Amino acid sequence: MLRDLRRVEQFVGVAEAGSFTNAAAQLHLSQQALSSAISQLEKDLGVALFVRAGRRISLTAPGQALLVESRPLLAAARTVEAHVRGAAAHQHPWVVGHSPALSGAEVYQLIEPAINAHPDLSFTFRQLYPEALLAGVLDGSVHLGLRRGIAPAGELSGAVIGYHRVRAAVPRTHHLASADSIDITDLAGEQLALWAPPGSSYFSDFLMSACRRAGFEPDYVVSRVQGAAMVAAPLTTGAIALVTADPGTAMGGRVHIIDFEPALMVPVQALWQKHTMSAVRDTLLTSASTYTTVGTPLIRDKK
């Protein structure tokens, strides 16, 4: 049993520094005190965490396992401390981070069950790019992260909490603009406007994969106007943007938004720190456990 998180933190310091000497300097401890702390941790766990060969050290298999679990555990401990201090100061907003692919209105609809169930709690929404979103959830400054598409959660836990319907936004002069609905194969040979290049956006990756499953390699251009609603992208690119806005017209009638038939649905993945509990998060997962925001059965991540 882990009896002292300080020793776990010191273990991580040694593992990341690659030596007791470097770690002791970074942790402002004597090398003897640090070595003693790690020896006690090994005694508590009943395993060797490092292979020592002179001044060189390497992790054992149990040590590698502990390193993987230690980072989210320590992050959770810091989050608990921040929550307790925040409660004492009566300042404890529940922060929801979301990628630019999700609008504030869409985030509100996803979080609304928790907003209604916890009337005494304040909520703050923050739009963050993917790397900052993951970092915020890991360090505890963001209580729940939301992003489009599904990817491995890594050091975090995750679940799908909803689905949104993807539609095509086209310039009103485009030959598809008058269609009531289109098939995704109608996009073959057309240029798509993306928020970010594939590989740096899970939503972009999802859209590219959807085209490839339909049997064609999509051509794309990255919108040169970042931060604007994606329905505006056809105006500056002349390309088709894949959006989650309602069907009809947008941008003063200059953009037409058209349904796909069959429907193309994109999941929304929620991410949170491992080793933490949250009544707000439990409310969201419970409300999403049967139906999503559009009445589609939910697929849960078991992590």
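One cavity of 30 Å³ or more is present in the structure, which is a predicted model. The volume of the largest cavity is about 40 Å³. Its lining is formed by Ala193, Leu194, Trp195, Phe203, Ser204, Leu207, Met230 and Leu242. Strand S8 (191–194) and helix H7 are the elements that contribute two or more residues to this lining, and H7 gives the most, with three residues. Classified by residue type, the lining of the largest cavity comprises seven nonpolar residues and one polar residue, with no charged residues.

The largest pocket has a volume of about 540 Å³. A total of 27 residues line this pocket, and those nearest its centre are Ser103, Glu106, Arg148, Thr244 and Ala245. Two or more lining residues come from each of helix H5 (104–117), strand S6 (156–171) and strand S10 (240–243). The lining of the largest pocket divides into 15 nonpolar, seven polar and five charged residues.

For the second largest pocket, a volume of about 220 Å³ was computed. This pocket is lined by 16 residues, among which Ser99, Pro100, Pro130, Ser200 and Ser201 are the closest to its centre. At least two lining residues are supplied by each of helix H6 (130–139), strand S5 (144–148) and helix H7 (202–213). The greatest contribution to the lining of the second largest pocket is that of H6, with three residues. By class, 10 nonpolar, four polar and two charged residues make up this lining.

Note on methods:
Residues are numbered from 1 along each chain as its sequence is written. This is a predicted model: local features need pLDDT of at least 70, side-chain atom pairs count only at pLDDT 80 or more; totals for chains, interfaces and linings use all residues. Side-chain values use heavy atoms; hydrogens and water are left out. On a 1 Å grid over the protein atoms alone, a cavity is a set of points where a 1.4 Å probe fits but cannot get out, and a pocket is an open set with protein on both sides within 12 Å along at least five of seven lines; lining residues have an atom within 4 Å of a point. Grid points are joined across faces, edges and corners, and a volume is the space filled by probe spheres set on the points. Helices (H or I, at least four residues) and strands (E, at least two) are DSSP runs, numbered from the N terminus. Ala, Val, Leu, Ile, Met, Phe, Trp, Tyr, Cys and Pro count as nonpolar, Asp, Glu, Lys and Arg as charged, and the others, Gly among them, as polar.
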